[in-house]
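Let's take a friendly walk through this model, one feature at a time. Please keep the viewer open as you read.

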Amino acid sequence: MDFEEAEAKALLRQAGIPVPPGELCSDPEAAASAVRRLGPAAIKAQVPSGKRGKAGGIRLVNDPQEAHAAAKAILGMEIAGHCVERVLVEKRADIAQELYVAVLNDVATRAPMVLFSRSGGMDIEEMADSIVRIPIDIDKGLDAGLLADVDKDVGDFLVRLYGVYGQTDAELLEVNPLVRLKGGGLLALDCKLTVDDAALFRQPELAGKGAREKLTELERRARELGLKYIELPGNVGVLANGAGLTMTTMDVIEHCGGAPANFLEIGGDAYTKAEGALGLVLANPRVKSIIINFCGAFARTDVMALGVVEAWQKLKPSLPVFFSVHGTGEEEAVALIRQQLKIEPFDRMEDAVRAAVEAAK
């Protein structure tokens with residue numbers, strides 16, 4: 001789950017990390033009033049996306065009139081598919097130096113990693129060579145001894161930032177830029193926070209403050225049905241059990257020259273969710289064929305197949321469908337599909353996928 005800048009900075013503030021004075025505003029008049037109190041300010045679009053400045057979503061203003069005009073221009077703007085509904089009006093800082101710091105989950109080491117660079121405020125790709133990477137033993141945590149190459153005030157900042165990272169079950173906590181002020185001291189001028197979705201049950205207060213996900217109508221319907229569905233631009237519909245098998249099926253579709261129209265993983269309870277799942281796949285007008293791929297270990301494929309067969313008979317789609325069924329209950333599942341739908345499942349998954357790709361052309 002991603003968080004808007006204002007929500008992320010509220011967490012920093014609670015941890016004693018300095019952030020600029022600011023006010024959240026949802027209309028130009030409120031932004032103008034905020035600038036009367038704060039003085040020269042930055043008007044910043046609140047969307048869970050980077051590169052807001054390049055999109056015109058961050059503007060510097062000197063007085064209430066400029067603030068009103070800037071907020072009016074930014075509110076309602078679309079940035080990375082998100083409509084701007086609020087702006088953060090933040091007092092401008094007297095900057096001496098811009099830095100970059102972050103704490104993230106590192107895939108290679110399967111542990112937290114601290115990142116630091118004396119160059120900040122630009123695209124991360126442009127400063128990759130200047131970034132210091134410090135792997136962290138999650139059992140020991142971060143202490144000043146690991147930050148010998150970092151200025152003491154920045155090291156203290158990173159220790160506090162790491163504390164917020166751990167307390168929030170974050171996947172990424174990034175401050176870019178972290179600025180050193182001309183009068184002394186550090187200030188988190190921007191903040192990006194992403195929290196692990198799997199840990200949200202431990203973070204009920206945070207979960208309610210996260211940015212709304214950008215969902216298609218079908219993805220919203222899937223969420224209401226309790227299904228894991230992601231709409232994609234292809235034309236081969238996918239219905240499979242297990243996230244790994246679903247992703248493998250999608251990879252094979254692309255290997256065979258096709259393009260998947262969705263990710264849809266319905267798990268072992270396919271019998272109870274098959275009608276809703278099949279309805280989602282069929283509701284996508286781009287879908288020209290469907291591959292149904294079941295592999296049973298603990299879950300029985302004949303039970304999964306029964307759910308799909310009953311859903312197919314009820315919905316009566318006219319699209320070509322191709323089955324691949326293997327594992328526990330395979331013989332019963334194949335016999336059921338053959339008898340009830342008059343369709344012959346394929347012996348090899350790749351053959352079924354290839355047939356679905358060809359049918360979608």
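Which handedness does the crossing of H2 and H3 have? The crossing of H2 and H3 is right-handed, where right-handed means that the near helix is turned clockwise from the far one by less than a right angle, and left-handed means anticlockwise. Before going on, a word on the ground rules: this is a predicted model, in which local features need pLDDT of at least 70 and side-chain atom pairs count only at pLDDT 80 or more, while totals for chains, interfaces and linings use all residues. Residues are numbered from 1 along each chain as its sequence is written, and side-chain values use heavy atoms, with hydrogens and water left out.

Back to that pair. Helix H2 covers residues 28–38 and helix H3 residues 64–74; helices (H or I, at least four residues) and strands (E, at least two) are DSSP runs numbered from the N terminus. Their axes come within 8 Å and cross at roughly 145°, the axes being lines fitted to C-alpha atoms over the stretch in contact, with angles from 0 to 180 degrees between N-to-C directions. In H2, Pro28, Glu29, Ala31, Ala32, Val35 and Arg36 meet Pro64, Ala67, His68, Ala71 and Lys72 of H3, where contact means heavy atoms within 4.5 Å. These residues divide into seven nonpolar, one polar and three charged (Ala, Val, Leu, Ile, Met, Phe, Trp, Tyr, Cys and Pro count as nonpolar, Asp, Glu, Lys and Arg as charged, and the others, Gly among them, as polar).

Next, find helix H9 (301–315) and helix H10 (residues 330–341). They pack at an angle of about 15°, with axes 8 Å apart, and are therefore roughly parallel to each other (under 35 degrees; over 145 is roughly antiparallel, 65 to 115 roughly perpendicular, and the rest oblique). H9 passes H10 in a right-handed crossing. The H9 side of the contact includes Leu306, Val309 and Trp312, and the H10 side includes Leu336, Ile337 and Leu341. By class, this contact has eight nonpolar, three polar and three charged residues.

The loop between H9 and strand E18 (321–327) holds Lys316, which has a positive phi of about 50° although it is not a glycine. Another backbone feature is the cis peptide bond joining Asn176 and Pro177, with omega about 5°; Pro177 is found in strand E11 (residues 170–181). Most residues other than glycine have a negative phi, and most peptide bonds are trans.

Finally, look at helix H7 (residues 243–255) and helix H11 (residues 349–360), which pack at about 55° with their axes 9 Å apart. H7 and H11 are therefore oblique to each other, and their crossing is right-handed. Among the residues in contact are Leu245, Val252 and Ile253 of H7 and Met349, Val353 and Val357 of H11.
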